[in-house]
Amino acid sequence: MKRYTILTSGILAAVFALSSCKKVLETEPFDRISEDVVWSTKANAETFIYSTYSIMNSYAGGEGTDPRTTNILGFDGTYNNSSAIFTEAVTRSSDYGFNNWAAIRRCNQIIEKVGASAGISDADKKALIAEGKFLRAMSYYNIARSTGRIVWIDRVLTPEDELKLASTANPTESYAYIIKDLEDAVVDLPTIKISGRTNKYVAAAFLTEVCLQALAYKNYPNAAAISQTDPLLDKVISNAQKVITEGGYSMEADYGGMFNETKKTSPEIIFGIYRLAINTTVDGTPMQTIVPNLNNTRVVQNLGSPLLNNQNVFEAWCSNFPSQNFVDDYLTKDKANPLIALPWNKTSQYLAAVDEGVTIPSTGTNHDVIPRANGEALMKTGKIKSGSTETIWNLANENRDARWRASVWSDSTDRIYGELLTMTIRGNANRWMKTNGYAYYASLSNMYWRKGLYTNVNPRPYVGVATDYHYVPMRLGRVYLNMAEAYLLKGDLANALINLNKTRVVHGNLPAAISPTIAEAWKDYKRERRVDLVMENDYYFSLLRWGRYGGDANSGLASGKTIPELTESIRVMDVSKDRKSFVLVTGGFGGVNNARVFDESRRYLFPIAQSYLDNNPAFGPQNPGW
């Protein structure tokens with residue numbers, strides 16, 4: 001496979017300048033490159049196109065939009081950038097994306113200038129114009145999924161043009177433009193795979209998701225018009241099948257490796273964004289906010305153990321962590337019936353070993369003590385029964401979804417950077433280090449993220465340390481899940497299960513789901529999508545989409561009603577030092593994480609920032625509820 005890495009515009013300009021002919025360098029101004037030169041050849045045009053791929057950064061992943069949901073419990077920027085959303089403190093002055101016009105101008109320049117070039121062959125023109133349309137569609141899709149409406153511009157505007165254009169009338173009009181661009185791209189893009197660059201199958205893969213979002217927002221703000229025979233569902237399925245049968249991609253058994261250095265060019269990855277150490281440091285990646293800042297002085301203050309072998313290895317600024325709400329969706333194989341998988345606290349082995357509702361001591365120095373923090377509410381307790389050889393650790397880890405260990409750094413799992421982190425009471429990295437003020441950059445949830453953490457950063461993940469890094473905006477597992485959703489909406493239970501089980505079996509190493517009804521299949525599907533695509537900028541927009549569908553997709557509620565998953569309180573589980581007791585609590589955890597609300601009258605779309613409407617009334621009217 002050819003490799004393409006997105007570089008900064010400055011590096012691209014330097015590469016272009018060095019490769020240009022001596023005559024151009026001698027005659028052109030030294031501070032810029034003339035337009036005629038840029039569009040004179042395919043190679044020159046590609047330098048402009050490559051730098052336009054910054055559009056795809058909106059799909060990069062990391063914490064992304066997950067802190068808007070209960071997937072993530074965070075503080076500092078993680079919390080501050082999302083809390084206004086889940087507390088309904090957003091106002092019509094808030095800007096969550098509407099002005100993408102500079103990016104669209106670049107896309108239109110690609111389409112027009114390539115088409116008019118005398119130095120680019122007709123065959124190359126077709127492919128490059130399709131690439132411009134793909135990028136234009138992806139820029140607009142990023143706006144449409146947030147505000148619903150866009151300002152459609154399909155030409156390079158000049159000062160003589162009317163610049164106070166109107167926005168689209170509704171999300172359906174917006175998506176019609178986006179889908180048309182992507183369909184044109186599917187037709188004319190090449191099939192060649194170059195990492196970090198689009199091709200026919202990249203466009204088809206993204207089209208499967210765009211069509212689902214478009215379907216959900218039909219008839220907005222009224223109830224969604226979902227029909228089993230909607231042509232958009234057929235587009236999802238046909239494009240997914242194109243990717244699956246023609247694209248040459250395959251599912252990756254090493255799920256975690258797709259998101260670190262070991263499988264960064266996995267055959268499952270359809271589109272990746274690749275950064276090189278030459279211009280990337282740890283603090284420019286998600287690693288900076290998922291790695292803790294610990295040393296042995298802090299561990300000793302926490303009465304924790306074991307001490308770190310290298311107390312300088314963890315000096316990052318973690319601020320986002322997996323919540324108990326999220327990790328409870330990692331299923332566990334049942335020992336009594338290994339053909340089924342259940343939540344870890346619903347398995348036969350758990351029920352046989354744990355007494356719930358018992359009193360757990362909160363003071364003292366015994367190994368069964370679990371302290372309580374002010375302002376937190378007790379939700380559940382549990383203790384290993386007398387005579388049982390089980391531990392809470394065994395019940396929460398053994399025979400569990402393989403993605404649990406690949407995605408979450410939990411108590412006493414694998415050594416990373418030579419260190420074993422313990423998250424029990426009096427562990428060396430638990431939440432009480434932060435709660436008691438011993439360490440600022442420590443977990444709020446007794447867990448850290450492993451997904452997206454490279455294990456070869458030298459000497460350690462630390463600000464300023466150079467590293468390669470990559471993101472995975474689109475992969476084959478996501479395409480299978482999109483197709484499963486289309487089949488669920490068609491009422492085709494058999495095909496829905498076939499496709500949702502692709503990720504469940506290969507990535508999770510779980511027995512296949514055998515849901516007997518569409519309603520049960522939706523539950524399995526929603527759980528599967530959540531755990532497979534966490535930290536991939538998906539869950540928030542999927543919840544909105546499912547809320548718009550209504551019915552089985554949203555806990556039996558009508559289209560456009562509240563979304564239960566966006567109103568539940570964050571949960572945290574503490575485990576005793578001896579790993580024989582647990583306490584489940586909820587609380588603010590330094591914020592208002594226990595007061596999440598969802599205003600169904602407006603929350604399905606963000607406002608168009610009022611400043612845009614004040615400047616140009618043609619952008620209006622404002623979105624409903626704002």
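**Close-up views of a predicted model**

View A. Helix α11, formed by residues 231-246, packs against helix α18, formed by residues 476-490, at an angle of about 150°, and the two axes are 9 Å apart. Because angles over 145 degrees count as roughly antiparallel, α11 and α18 are described as roughly antiparallel to each other. The crossing in which α11 passes α18 is left-handed. From α11, the residues L233, D234, V236, I237, A240, Q241, V243 and I244 take part, and they meet L476, V479, Y480, N482, M483, A486, Y487, L489 and K490 of α18. Sorted by class, the contact of α11 with α18 holds 13 nonpolar, 2 polar and 2 charged residues.

**View B. Packing of α10 against α18.** The angle between α10 and α18 is about 35°, with the axes 9 Å apart. This crossing of α10 and α18 is left-handed. On the α10 side the contact involves A205, T208, E209, L212 and L215, which meet R478, V479, N482, E485, A486 and L489 on the α18 side. The contact of α10 with α18 comprises 6 nonpolar, 2 polar and 3 charged residues.

**View C. Packing of α18 against helix α19.** Helix α19 spans residues 493-506 and packs with α18 at an angle of about 160°, the axes lying 8 Å apart. That angle makes α18 roughly antiparallel to α19. The crossing of α18 and α19 is left-handed. Residues G477, Y480, L481, M483, A484, Y487 and L488 of α18 make the contact with N495, A496, N499, L500, K502 and T503 of α19. By class, the residues of the contact of α18 with α19 are 8 nonpolar, 4 polar and 1 charged.

**View D. The largest nonpolar core and the surroundings of F134.** In soluble globular proteins, nonpolar side chains tend to be buried together. The largest nonpolar core of this model has 157 residues, and M56 and F134 are the members that touch the most other members. Helix α10, residues 200-216, gives the most to this core, contributing 13 residues. Apart from neighbours within four places in sequence, F134 is in contact with M56, L182, A185, T198, V202, A203 and F206. A second core, separate and made of 12 residues, includes Y350, V354, I384 and A396.

**View E. The loop that holds G97.** G97 lies between α6, residues 83-86, and α7, residues 101-116. When neighbours within four places in sequence are left aside, G97 is in contact with I143 and T147. F606 is 509 residues from G97 along the chain, and the C-alpha atoms of G97 and F606 are separated by 8.7 Å.

**View F. T297 in helix α12.** T297 belongs to helix α12, which covers residues 296-301. With a relative accessible area of 53%, T297 is exposed, because exposed means over 50% relative accessible area. T297 and Y438 are 141 residues apart in sequence, and the distance from C-alpha to C-alpha is 8.8 Å.

View G. P221 is located in the loop between α10 and α11. P306 is part of the loop between α12 and β5, the latter covering 320-322.

**View H. Positive phi at D76 and S555.** D76 is a residue other than glycine, and its phi is near 50°, a positive value. D76 is found in helix α5, residues 76-80. The relative accessible area of D76 is 29%, and D76 is therefore partly exposed. S555, likewise not a glycine, has a positive phi of about 55°. The position of S555 is in the loop between α21, residues 539-549, and β13, residues 571-575.

Methods: Residues are numbered from 1 along each chain as its sequence is written. This is a predicted model: local features need pLDDT of at least 70, side-chain atom pairs count only at pLDDT 80 or more; totals for chains, interfaces and linings use all residues. Side-chain values use heavy atoms; hydrogens and water are left out. Axes are lines fitted to C-alpha atoms, for helices over the stretch in contact, and angles run from 0 to 180 degrees between N-to-C directions. Helices (H or I, at least four residues) and strands (E, at least two) are DSSP runs, numbered from the N terminus. Angles under 35 degrees count as roughly parallel, over 145 as roughly antiparallel, 65 to 115 as roughly perpendicular and the rest as oblique. A crossing is left-handed if the near helix is turned anticlockwise from the far one by less than a right angle, and right-handed if clockwise. Contact means heavy atoms within 4.5 Å. Ala, Val, Leu, Ile, Met, Phe, Trp, Tyr, Cys and Pro count as nonpolar, Asp, Glu, Lys and Arg as charged, and the others, Gly among them, as polar. A nonpolar core is a set of buried Ala, Val, Leu, Ile, Met, Phe, Trp, Tyr and Cys residues joined through side-chain atoms within 4.5 Å. Buried means under 20% relative accessible area, exposed over 50%, partly exposed in between (1.4 Å probe, protein chains only).
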